[in-house]
Amino acid sequence: MAAKAFKALILGPPGGGKGTLSKRLVRDFGFKHFSAGDALRAEISAGSALGQKAKDYIAQGALVPDELVTDLVLGQLATLRNEPRWLLDGFPRHMAQAVALDAKHEVDLVLDLDIPEAEILSRLGGRRVHVASGRSYHVEWNPPKKEGIDDETGEPLVTRPDDTAEAITRRLQQYHDLAKPLVDHYAKSGRDVQTFAGTESDVIYPVMKEHVAKVLHVRDIAALARGMVSELGC
Ligand code: AP5
Ligand code: MG
């Protein structure tokens, strides 16, 4: 029987660095990364019925209704059943989504980002993305090799339609209203929840990496011990 997958969430404000830090966790720990926002943008690019419905909500910085998002995310997660570990970014955003996720998946680890609002506002105006891959750049902090062009594909980069001042304000407001109950929910249900505060992904990442390594190691040891116990017939 395949070992149970290790399931992690990354929570945090818009522009908090979820995508940036996820990329590093994928590189260092081989997580399969799934971003709800990237999946919705892929639906929009593909011109699907779901993408058509989601498009205006996203451009305005509003949450996309659950009946569109939840099935999309849970459906994608179902395809990851043979992955040893996955990292979910941007889902859940509120308690109803957490309840839907809990019904299907037992989360092992929650990585929560606490980033000051002033930092977020300065970041998002400079963000440029490659839509097909979700790769994200920043005009000053992490510029592409050639201005406006994705390093890996040579395709054009775009500014996300929800990176306008009005949409960012709305996304931040929503986040503040809905995020804390989520973190409390996972902490109360005994999950490993760790908050990382700061302004620099380069400073946050080493601390996060150490924590993830510790949690994965502890789990491996527990699995090993269970295996030894069952081999001994205890
Ligand atoms: P989503 O794509 O998830 O957007 P978000 O949560 O608003 O977060 P972002 O992707 O904007 O930021 P991030 O935390 O990934 O930061 P990043 O690494 O890019 O969702 C978009 C929309 O889809 C939602 O608004 C909603 O409409 C809809 N949606 C998605 N999920 C949904 C759900 N579950 N339910 C309903 N609707 C849903 O970093 C940001 C920028 O900062 C980058 O340019 C980066 O290069 C730069 N940066 C990172 N670190 C640093 C640093 N240290 N210094 C300077 N710049 C930095
Ligand atoms: Mg993101």
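This is a short tour of a predicted model, stop by stop, with what to select at each one. Residues are numbered from 1 along each chain as its sequence is written, while chains are lettered from A and ligands numbered from 1 in the order in which they are written. Local features need pLDDT of at least 70, side-chain atom pairs count only at pLDDT 80 or more, and totals for chains, interfaces and linings use all residues; side-chain values use heavy atoms, with hydrogens and water left out.

**Stop 1: the ligand**

Select ligand 1 and the 35 residues around it, where a residue is near if one of its heavy atoms lies within 4 Å. Thr 20, Ala 62, Arg 93, Arg 127 and Arg 171 come nearest. This shell holds 13 nonpolar, twelve polar and ten charged residues. Here Ala, Val, Leu, Ile, Met, Phe, Trp, Tyr, Cys and Pro count as nonpolar, Asp, Glu, Lys and Arg as charged, and the others, Gly among them, as polar.

Which element gives the most to the shell? Helix H2 does, with four residues. Helix H1 (18-29), helix H2 (36-46), helix H6 (117-124) and strand S6 (135-138) each supply at least two. Helices (H or I, at least four residues) and strands (E, at least two) are DSSP runs, numbered from the N terminus.

Now show the polar contacts, pairs of N or O atoms within 3.5 Å; within protein, one must be able to donate a hydrogen and the other to accept it, and residues adjacent in sequence count only if both atoms are side-chain atoms. An oxygen atom of ligand 1 lies 2.8 Å from a backbone N or O atom of Gly 15. A polar backbone atom of Lys 18 is also 2.8 Å from an oxygen atom of the ligand. The side chain of Gln 97 places an N or O atom 2.8 Å from a ligand nitrogen. Taken alone, ligand 1 exposes 1000 Å², and the protein buries 97% of that (Shrake-Rupley method, 1.4 Å probe; for residues, only the protein chains shown count as cover).

**Stop 2: Arg 123**

Go to helix H6 and select Arg 123. Is this residue buried or exposed? Arg 123 counts as buried because its relative accessibility is 15%, and buried means under 20% (exposed is over 50%, partly exposed in between; 1.4 Å probe, protein chains only). A polar atom of its side chain lies 3.2 Å from the backbone oxygen of Gly 16. Beyond four places in sequence, Arg 123 has contacts (heavy atoms within 4.5 Å) that include Gly 15, His 138 and Glu 200.

**Stop 3: the nonpolar cores**

A nonpolar core is a set of buried Ala, Val, Leu, Ile, Met, Phe, Trp, Tyr and Cys residues joined through side-chain atoms within 4.5 Å. The largest has 27 residues, and Leu 9, Leu 40, Val 73, Leu 77, Leu 88 and Leu 101 touch the most other members. Helix H4 gives the most to this core, with six residues. Apart from it lies another core of 23 residues, among them Ala 8, Leu 25, Ile 120 and Met 208.

Back in the largest core, select Leu 40. Leaving aside neighbours within four places in sequence, Leu 40 is in contact with Leu 50, Ala 54, Ile 58, Val 64, Val 69 and Leu 72.

**Stop 4: the loop between S3 and H5**

Pro 92 sits in this loop. A cis peptide bond joins Phe 91 and Pro 92, with omega at about 0 degrees. His 94 has its place in the loop between S3 and H5 too, and is buried, with a relative accessible area of 14%.
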